[in-house]
Amino acid sequence: MEVKIVNNQDEAGQIALEIFEETLDHGGRVFGFATGSTPETTYDAIVKSDLDFSKSIGINLDEYYGLPSTHPQSYAQFMREKLYAHKSFQNAFIPNGMNKNPESEKEKFDQILENYPRDLQLLGIGVNAHIGFNEPGTAFDTTTQLVDLTDETINANKRFFESIEDVPRQAYSMGIKSILDAKKIILMAFGKEKASAIKAMIDGPVTEDVPASILQQHPNVTVILDHEAASEWDYPNERVI
Ligand code: GLP
């Protein structure tokens, strides 16, 4: 893992932008995208840039189960607002939260991931160290699945909804194996509430109790943190581990 500490989220967005640019320059065309507030400055930077994604494919990590793509809090809507309305892509995929048949959604999304191997995957991290919506205890060899969200995650995401009752209890998510299949991964985290997850991810044992800890075994991961997210990790200014 290469860990970079930045002063603010805009700086993080710029570093991520450079990695997107480098990936495109090297012929990469399939990008895995994340939602949540963490990647917003990256999307802003991409939108303001002159990078050309018109021959690229975007694939999202996850989607709430039971939300139509037009719902204001669906991840499909988030992606349209933050990225796709401003940058044209050749094609974009996201799990269909309205598919009531988890087996068929799994089959369909796994096939998409197989057809389009990702050159770069952007990730945030949950307060409990989940990646995508793969909660603690998820097996490392999972592909797409319907997951039950933990109370911690429901609580953390309630800020986007009118009340906690409105937060969906389940979601479709790329599995951990699917995430690891990406050639390169950027994980970003900001704020104190992510600090213990970050410490466990970087320095803790690789365990299914800490889903992000598996990233220690991926050959090409860049972690971008603000000082608060890095505050529980005893770090030098920048280090490669
Ligand atoms: C959700 C998403 C994750 C994201 C996490 C953190 O649970 N499924 O992909 O990383 O939230 O969100 P935020 O960036 O808003 O802190």
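Q: How many residues surround the ligand, and which are the closest?
A: This is a predicted model, in which local features need pLDDT of at least 70 and side-chain atom pairs count only at pLDDT 80 or more, whereas totals for chains, interfaces and linings use all residues. Residues are numbered from 1 along each chain as its sequence is written, and side-chain values use heavy atoms, with hydrogens and water left out. A residue is near a molecule if one of its heavy atoms lies within 4 Å of it. The ligand is surrounded by 14 residues, the closest being Ser37, Thr38, Asp62, Arg159 and Lys194.

Q: Which polar side-chain atom lies 2.7 Å from a nitrogen atom of the ligand?
A: A polar contact is a pair of N or O atoms within 3.5 Å; within protein, one must be able to donate a hydrogen and the other to accept it, and residues adjacent in sequence count only if both atoms are side-chain atoms. For oxygen atoms of the ligand, the distance is 2.4 Å to an N or O atom in the side chain of Thr38 and 2.6 Å to a polar side-chain atom of Lys194. The atom lying 2.7 Å from a ligand nitrogen is a polar side-chain atom of Asp62.

Q: In S3, which residue is the bridge partner of Phe31?
A: Helices (H or I, at least four residues) and strands (E, at least two) are DSSP runs numbered from the N terminus, and two strands pair if DSSP finds at least two bridges between them. S2 and S3 pair in the parallel sense over four bridges. In S3, the partner of Phe31 is Gly58.

Q: Which residues of helix H2 are buried?
A: Buried means under 20% relative accessible area, exposed over 50%, and partly exposed in between (1.4 Å probe, protein chains only). The cover over the buried residues of H2, with contact meaning heavy atoms within 4.5 Å, includes H1, S2, H3, S6 and S9. Within H2 (residues 40-48), the buried residues are Thr41, Thr42, Tyr43, Ala45 and Ile46.

Q: What is the order of the open sheet of three strands?
A: S4 and S8 (residues 170-173) pair in the antiparallel sense over three bridges, and in S8 the bridge partner of Tyr64 is Ala171. The open sheet, with antiparallel pairing, has the order S4-S8-S7.
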